[in-house]
Amino acid sequence: MAEEGKGVERVTFSRGYDVCIMAIDGTWRRDCKLNAISDTDAVLTVEGSIQGLNLKEFFLLLSSTGLAYRRCELVRVNGAEMDIQFLRGKNRKKRGAAGGHDAAA
């Protein structure tokens, strides 16, 4: 267990695992597949269009339990594949002070 945190180790699955993405306020939910995951991010394949969804901040849910797994934000979309980044609890405190840091999403 002498792991240094410098190199992010990503686990890629041979077949995707069923998960859902859901709005923080619960107003929408979309099925997708979890293709790869690391401590800080994940790669998903989205089933259906993401047009009209607010992907600035959302939950990744485990489909088998329906429980929220991690709070996320969208990093990149490439066709049906999207890269997401997991948000830490500490980052939420900076919401008021750093109001424009995520305007690119």
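Tyr69 comes out as partly exposed because its relative accessibility is 38% (buried is under 20% relative accessible area, exposed is over 50%, and partly exposed is in between, with a 1.4 Å probe and protein chains only). This is a predicted model, where local features need pLDDT of at least 70, side-chain atom pairs count only at pLDDT 80 or more, and totals for chains, interfaces and linings use all residues. Residues are numbered from 1 along each chain as its sequence is written, and side-chain values use heavy atoms, with hydrogens and water left out.

**Aromatic pairs**

- You'll find two aromatic pairs in the structure (rings of Phe, Tyr and Trp, the last by its six-membered ring, pair if their centres lie within 6.5 Å; planes under 30 degrees apart are stacked, over 60 edge-to-face, and the rest tilted).
- Phe13 and Tyr17 form an edge-to-face pair, because their ring planes sit at 85 degrees, with the centres 4.8 Å apart.
- Phe13 is partly exposed at 25% relative accessibility, and Tyr17 is partly exposed too, at 42%.
- Tyr69 and Phe86 also pair edge-to-face, with ring centres 6.2 Å apart and planes at 85 degrees.
- Since Tyr69 is in strand S5 and Phe86 in strand S6, this pair ties together parts 17 residues apart in sequence.
- Phe86 is buried, with a relative accessibility of 5%.

**Overall fold**

- Reading from the N terminus, the order is β-β-β-β-β-β-α.
- Six strands close into a barrel in the order S1-S2-S3-S6-S5-S4, with antiparallel pairing (two strands pair if DSSP finds at least two bridges between them).
- From one strand to the next, the twist averages 45 degrees (axes are lines fitted to C-alpha atoms, for helices over the stretch in contact, and angles run from 0 to 180 degrees between N-to-C directions).
- Strand S5 (residues 68–78) and strand S6 (residues 81–86) run antiparallel and are joined by six bridges; Arg76 has Asp83 in S6 as its bridge partner.

**Whole-chain numbers**

- Of the 105 residues in the chain, 28% are buried.
- The chain exposes about 7,400 Å², and carbon and sulfur atoms supply 49% of that (areas come from the Shrake-Rupley method with a 1.4 Å probe; for residues, only the protein chains shown count as cover).
- Take the contacts between residues at least 6 apart in sequence: 45% of them join residues at least 24 apart (contact means heavy atoms within 4.5 Å).

**Asn35**

- Asn35 belongs to strand S2 (residues 29–37) and counts as buried because its relative accessibility is 17%.
- C-alpha to C-alpha, Asn35 and Gly16 are 4.7 Å apart in space, though 19 residues apart in sequence.
- Setting aside residues up to four places away in sequence, Asn35 touches several others, including Val11, Phe13, Leu44 and Glu81.
- The Asn35 side chain makes a polar contact of 2.5 Å with the side chain of Thr45 (that's a pair of N or O atoms within 3.5 Å; within protein, one must be able to donate a hydrogen and the other to accept it, and residues adjacent in sequence count only if both atoms are side-chain atoms).

**Asp41**

- Asp41 sits in strand S3 (residues 41–46) and, at 19% relative accessibility, is counted as buried.
- The Asp41 side chain makes polar contacts with the side chains of Arg10, at 2.9 Å, and Ser38, at 2.5 Å.
- Beyond its neighbours within four places in sequence, Asp41 is in contact with Arg10, Ile84, Gln85 and Phe86.

Technical notes
Helix = DSSP H or I, 4+ residues; strand = E, 2+ residues; numbered from the N terminus.
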